[in-house]
Amino acid sequence: MHKARYFDLKRFAIHDGPGIRTTLFLKGCPLSCIWCHNPEGISAAPELAFYPMRCALCGDCEQMCSCHQITDAAHVFHRETCLACGRCEEVCLHGALELFGKFLDSGQAAALLLEDRRFYRDGGGITLSGGEPLMQSEFCAELLALLKEEGIHCAVDTCGEVPWKAFERVLPFTDLFLYDFKVADSALHKTFTGCGNKRILANLARLDQTGIPFEIRMPMIPAHNMDIEELEKAAVILSGLRHLTAVRLLPYHAQAHSKYQAIGRTDTLPQVPSPNADALENVAELLRRRKLRVINPLTNGQ
Amino acid sequence: MLTKTFTQDLEYLRKKFQAPVFEKGSGLDYETLKKRVLDSISDMEGLPHPVIKAKAFELIARNVQIEVSSHDWFPSFGCWNRKDRPMAGLLRKFSEKTAALLTKNGLWENLNTSGSSAIWVDFDHSVPDWDMILKFGFPGLRENARSWRCRHEAGGAMTPEQAAYFDGIDITYAAILELLDRFHAYALQHSAGKPRLIAVAAALKALHDGPPQTFYQVLLTIYLFFMFSEHIDYLQVRSLGNLDNLLLPWFEQELEKQSASEAEMRERLDYFLMQWGAIDNYWGHPFYLGGTDEQGCSRINRLSFIILEEFEKLQITSPKIQLKIARNTPDEFLDAALKMIRRSNSSLVFVGEESIARAMTSLGMTEADARTCDIRGCYEFAARGRHNENDTGCAYLNMLKPLELVFNNGIDPKTKLHIGPKTGLPEELQSFDDFYRAYILQLSHIIEADISVCNEFECFLNQLNPANVFSAAVQNSLLTAKDAFHDGCFYNNTTLLNAGFASTVDALCAVREMVYLKKEVTLAGFKEILDANWSNHEKFRLKILKDCPHYGNGNPVADHYAGMLGRFLSTKINGRPNSRGGLWKASIHSARQFIELGKKTGATPDGRFAGEEMSKNSSPVMGMDRSGVTALIRSAAVLDAGDFPADLPLDVMLHPTAVEGEEGLTAWRRLIREYLLKGLAIHFNVFTAETLREAQKNPDKYAGLQIRVCGWNVHFVKMAPEEQEMYIRRAENLAP
């Protein structure tokens, strides 16, 4: 069985596809979006998170590994020597250490995802997300095949920046794709994510050819990708897609600072406020003029 | 928006019960009134208790201070304070007299002192037949009782007890009519041409003369019946009925005849609901909305929505609303309720009609009983109508205490009282099976003790508190000429409430894991740690919290023991005969006892410190449900409503993002419907820890923010700081 590294499993996920879902977050992403709110999903390697506020300076981790030193009533974590083996996490009783990137095989993952199957009635199911799940596409295909055998609705949340081959592996078992669309202009895309969007758009077009429905998810970051001209370009691209079910706007929240700190990654989160309902509605209206179905979560169902 | 008139009257309404002022001459001052009641007892020595109490009722009704204010649609009288009711002195005398006949007073005291249980005579959960009350009205109830008396007399077998029963009702209802007259006269004297007082006077006259005829008169009848029973007759009416369906015929009739507009009836509802908001009993007074009819059609109607809307405008914590959910309850109605909760009003409980049916039929009641039942407490329910049920909840069992007794070979460590059997010294319990068996023996012993104590004193309920007001509103009581509070209802049941369920499951798992599987400590060593209240063993405690199975996470080990314990309680308690011709019912509902009994319980193996609160209801230990709400509901599903015919509530805390948007509502509905396949009642707190902290810092800005505590709501800003912290800690566990 194929194994994968994951960093989270979220139950009662209601924004990762229809109904009540369980979402498995796989580790590793080809993009490095500056606004990423799951920075622990970017690196494919395991990472140890350290939350100093929770540390009680008990010294148990120090006994386990030389990466940790308790000196002068302070916990010094030598990240540079950390192998992310996770032994220190096991002995930490205060929740100050957390390992992101544990392994699990497709059978174990299927068992976990099936635990909540009673809640999947009425259109719910499971979603593979990340990071970029299709970076571990063989695992995904094997896992989704197991879940399809059980009649579970399966969704894959992807940024699209993977070889088409990765898509091909999961196509037979995927009921719905959640496809990120961050910005239409490739140069700007590279500025914000570290990568142009040529392959992403090509894969999107090929995905549309398969007939499998997909939802577009657009993160909305004020002063970054909410420019009208850019959005018009996006609207043109998206309006040509036949199997697009909806465009969902995702308002930006700068709430992941502590995660960046915990894993020792440079915090790149834009210092801009979250867009309000009106700002999001303006974007929605712009897209709707192109006959797109748009979901504004700030006005939907309140 | 509340009407301008109501807003102007709010100040009066808020003070009406908390700081009432009565006109001199409207009656005796309160201390004199109480003294008169006590003095009158000596004149009545030898009379039957129903008659003595009825005469005391009469004395109070004739002399209590009254007011009918132009700021209100509902009259007031001077004996609203339930901590100091005029009948209390008389009931104390009755109690002293009865106590002399009891043989188990010592056991009763030991159980209460050791915190093994909390046992008292329950005067707080009566449910009258509202349909009968509205059909007859106050004079009709008296006439109906008289006609039943005639039938019994014609049968030729009237005993002195039965005669006293009917005398008690007759005197009491005559006094009620006199009090209505007093209210009416007062309103007229003070009307000075004010249209509202004239209208109130007319309604009071109408109720004196017959059954209610208008929407407002129905509200007035419900209010007055509650007040007469609870505040004079000392028996709490613990249900305002199924208000949406109870009121609907009058609501529609008024609209059709154009005798009252919807706006006017909404305003009357506001005043009506505000009465209980102003009384402000912490436990709240419940009513049902919804359910299904005989054909299985949903009974959600226009009034169900109107009541929800008006209730939310008031921002009060009592009354509290229980939504009876069936498969065909419209999503639209559920959404209206869920949106209310999202707006920080947690006063709503979702109860499953099918689960109620499974619970009630498990004890031989009918499906019709389940369909028409009334709420009778925080979550509990009781059959109404012809099959009226009186169910007393007189014993709360502390499920953690038997654990302490296992560690201490039957002796309560704090009081040194010998409570349980000798189940062996810790070193003699060689396996977890030994330990579990010892626990079950101790638990079983307390259950038996509770039942024997309650069965003894419940033989005297009709002597302790003859229920004259209540009995006239129960058909079976009149038919049998038996006190409805004692054995006059069709079903006369008693509930044993079990507190600390999840704490016990977690504690058993901790012992199994740490002592018998991992062998990190011996049972004797564990006892020493608990005796020292974890002092110098904080790491061990944290390890238990981190590594041992905890109920509420879908953990198979914890859920296995939860299921075992649930089945044991159910088998042991349900269907046992009580002493009033009824049955015992099991409940996993803790009310305030998860706090009170916790204070009397030492440190326990689940990581709990001595004196701390225990888990409440069927909910996990606060903060230990770390795997999300679906895992919590999977755990809760090991308990079935059919095994807990009294009640089985679950408290859930959700992060607002978990239920935002249209998707959130859809998922939330799904969650509720899934839970109600097995469970009985579920309610929600939807907050972030940040919101709660903000409310702590700025109470003025968050005056309306409500927290569901157990079976009742409180305004968060009025909670003690340490209680606020507990909710904040739990909210911190919720992932956005």
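Predicted model: local features only at pLDDT ≥ 70, side-chain atom pairs only at ≥ 80, totals over all residues.
Figure 1. Because Phe432(B) and Tyr436(B) stand four residues apart in helix 17 (residues 432–458) of chain B, about one helical turn separates them. Both belong to one aromatic cluster, whose members also include Phe407(B), Phe435(B), Tyr516(B), Phe526(B), Trp534(B), Phe540(B) and Tyr561(B).

**Figure 2. A stacked aromatic pair between distant parts of chain B.** Over all chains, the count of aromatic pairs comes to 41. The pair shown here joins Phe77(B) and Phe183(B), which are stacked with 6.4 Å from centre to centre and 20 degrees between the planes. Phe77(B) belongs to strand 2 (residues 76–77) of chain B and Phe183(B) to helix 7 (residues 160–189) of chain B, so that the pair links parts of the chain 106 residues apart. Phe183(B) is buried, with a relative accessible area of 0%, and Phe77(B) is buried as well, with 5%.

**Figure 3. Two arginine residues over tyrosine rings in chain B****.** Arg85(B) lies over the face of Tyr234(B), at 3.6 Å from the ring centre.

**Figure 4. The largest cavity, lined in part by residues of chain A****.** A search of the whole structure finds six cavities of 30 Å³ or more. The largest cavity holds about 70 Å³ of space. Its lining comprises 14 residues, and those closest to the centre are Cys55(A), Cys58(A), Cys61(A), His75(A) and Cys92(A). By class, 10 residues of this lining are nonpolar, three are polar and one is charged.

**Figure 5. The second largest pocket and the elements of chain B that line it****.** About 790 Å³ of space lies in this second largest pocket. Of its 34 lining residues, Trp120(B), Val121(B), Asp122(B), Phe123(B) and Asp124(B) are the closest to the centre. Two or more lining residues come from each of helix 4 (88–99), helix 5 (105–114), strand 9 (389–398) and helix 25 (593–599) of chain B. Helix 4 of chain B gives the most, with six residues. The lining of the second largest pocket has 17 nonpolar, eight polar and nine charged residues.

**Figure 6. Cis peptide bonds in loops of chains A and B****.** The peptide bond from Gly130(A) to Gly131(A) is cis, with omega near 20 degrees. Gly131(A) is in the loop between strand 8 (125–130) and helix 4 (137–149) of chain A. In chain B, the bond from Ser318(B) to Pro319(B) is cis, with omega near 5 degrees. Pro319(B) lies in the loop that runs between helix 12 (302–314) and strand 5 (320–325) of chain B.

**Figure 7. Positive phi at Asp122(A) and Asn617(B)****.** Although not a glycine, Asp122(A) has a positive phi of about 65 degrees. This residue is placed in the loop between helix 3 (106–114) and strand 8 of chain A. With a relative accessibility of 63%, Asp122(A) counts as exposed. Asn617(B), also not a glycine, has a positive phi of about 50 degrees. The loop that holds Asn617(B) lies between helix 25 and helix 26 (629–636) of chain B. Asn617(B) is buried, with a relative accessible area of 0%.

Technical notes: Residues numbered from 1 in each chain as written. Chains lettered and ligands numbered in written order. Heavy atoms only, no water. 1 Å grid on protein atoms, 1.4 Å probe; cavity = no way out; pocket = protein on both sides within 12 Å on 5 of 7 lines; lining within 4 Å. Points joined across faces, edges and corners; volume = space filled by probe spheres on them. Nonpolar A, V, L, I, M, F, W, Y, C, P; charged D, E, K, R; others polar. Buried < 20%, exposed > 50% of the residue type's maximum accessible area, 1.4 Å probe, protein only. Phe/Tyr/Trp six-rings, centres within 6.5 Å; stacked < 30°, edge-to-face > 60°. Lys NZ or Arg CZ within 6 Å of the ring centre and 35° of its normal.
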